[in-house]
Amino acid sequence: MATQIHQSHEVGPPIAAGLPMPQFRKITVEPLSGACGCEIGGVDLREPLQPDVLAEIMLAFEQFLVIVFRDQDLTPEQHKTFSRHFGELTELPQAPTYGGDRLMQEVRREAWEAVNVVPSFEHFHTDSPFLAQPPKAIVMRALDCPQWGGDTAFSNACLVYEHLSDGLKAVIDTLQVVYSGKEIWSRNEKLPPDKRLRLRESHDFTEDQLESIHPAVRVHPETGRRSLFATSAYFQRFVGWSEEESRALLTYLQGLAQHLHYHCRVKWRKNTLIVWDNRFTLHRGVHDFKNERRHLIRTTVIGERPLGVADLTAR
Ligand code: MN
């Protein structure tokens, strides 16, 4: 009798980050939540990676979009060498460099600094969407972090898109977003000193390189999976929409990304290294700590020109 009941409720494979859970043989993979992220064990990133190990790391990256390694005491050179498995590294016009190296950036809050209220980055965002080829991935490692608090949270933008109605999907599938980073320096200077972002002081990017138009729905170049690619940081408007209309829709979409069932959250420890897919997830630091230093260093892997639904049908 029990068997019969079972057969009438056929159950598929366990789902992780919205897809069936793959098999991993060379690394250990522990999902962080049902929505995205996993912790990978059994790998020393200081050493050259065997092709089968690397293939499983890349599979985990594609599936989970956020992969976490613990206890990786890397030199900056080892950090860059590992990062290059994901693609070519790029400098950024706005992010402060680390150790005078153009290809490394830092995120730093000193113990004596009060909570830095930067509204656009205290929300879920994607990094540098104003670039023509926004980052594919960020590879970030903790040098110093609070004993508790200061986590980084992620939201799976594929799941956000997949949960929309067909009607709203059809509307945003055709939308394009104007992103601009042109104003951030002048806007920063108008803020009181204690509220200012720590920006890079000079860069060689041209004005043209600081503004781009991208599809609001981004298509994964390998899997074809779709995701919401519209967030408030650097957002100007949807092409052909007024600013007011654009803000109203963006606020609604941005609100959806806040839902807990799209999230994972990573607690940093010294030498924790996270690689996140900056194309298909949103992220934010959680500044819920005080009187402790938080110092993270990172590389930025350049991405493809974002593909939209129109590019997909044109192929
Ligand atoms: Mn960021």
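1. A salt bridge is taken here as a side-chain nitrogen of Lys or Arg within 4 Å of a carboxyl oxygen of Asp or Glu. The structure, a predicted model, holds 23 salt bridges. In one of them Lys26 pairs with Asp52, with 3.4 Å between the closest N and O atoms. Lys26 is in the loop between S2 and S3, whereas Asp52 belongs to helix H2, so this pair ties together parts that are 26 residues apart in sequence. Helices (H or I, at least four residues) and strands (E, at least two) are DSSP runs, numbered from the N terminus. Lys26 is partly exposed, at a relative accessible area of 46%, and Asp52 is likewise partly exposed, at 38%. The accessibility classes are buried (under 20% relative accessible area), exposed (over 50%) and partly exposed in between, computed with a 1.4 Å probe on protein chains only.

2. On the conventions: this is a predicted model in which local features need pLDDT of at least 70 and side-chain atom pairs count only at pLDDT 80 or more, while totals for chains, interfaces and linings use all residues. Residues are numbered from 1 along each chain as its sequence is written, and side-chain values use heavy atoms, with hydrogens and water left out.

3. Two further salt bridges deserve a mention. Arg279 pairs with Asp277, the closest N and O atoms being 2.9 Å apart; both Arg279 and Asp277 are buried. Arg305 pairs with Asp311 at a closest N to O separation of 3.6 Å, and Asp311 is partly exposed, with a relative accessible area of 27%.

4. The manganese ion has His125 (NE2), Asp127 (OD) and His283 (NE2) as its protein donors, at 2.2 to 2.3 Å. Donors are N, O and S atoms within 2.8 Å of the metal (3.2 Å for Na, K and Ca); water is not among the atoms, so sites may look incomplete. Along the chain the donors follow the spacing H-x1-D-x155-H. His125 is in the loop between strand S7 (101–109) and strand S8 (135–144), and His283 is in strand S17 (residues 281–285), so the pair ties together parts that are 158 residues apart in sequence. His125 is buried, at a relative accessible area of 5%; His283 also counts as buried, at 5%.

5. Strand S17 also takes part in an open sheet of three strands, ordered S15-S9-S17, with antiparallel pairing. Strand S15 (263–266) and S17 stand at the edges with a single partner strand each, so one side of each has no neighbour in the sheet. Direction ignored, neighbouring strands of this sheet are turned by 20 degrees against each other on average; axes are lines fitted to C-alpha atoms, for helices over the stretch in contact, and angles run from 0 to 180 degrees between N-to-C directions. Two strands count as paired if DSSP finds at least two bridges between them. Strand S9 (residues 152–156) and S17 are joined by five bridges and run antiparallel, with Asn156 opposite Thr281 in S17.

6. Strand S4 can be followed from one partner to the next. Strand S3 (residues 28–31) and strand S4 (residues 38–41) pair in the antiparallel sense over four bridges, and Glu30 has Glu39 as its bridge partner in S4. Six residues lie between the strands of this hairpin, in which Gly37 takes a positive phi near 85 degrees. S4 and strand S5 (residues 66–69) run parallel and are joined by three bridges; here the bridge partner of Glu39 is Val68. Together with helix H2 (residues 51–64), S4 and S5 make a right-handed β-α-β unit. Right-handed means that, with the strands pointing away from the viewer, the path from the first strand over the helix to the second runs clockwise.

7. Two individual residues complete this note. Arg247, in helix H7 (residues 243–256), is partly exposed at 37% relative accessibility. Not counting residues up to four places away in sequence, Arg247 touches Ser232, Phe235 and Gln236, where contact means heavy atoms within 4.5 Å. The C-alpha atoms of Arg247 and Phe235 are separated by 9.1 Å. Pro20, in strand S2 (residues 19–20), is partly exposed with a relative accessible area of 45%. With residues up to four places away in sequence again left out, Pro20 touches Pro13, Pro14, Ile15 and Gln63.
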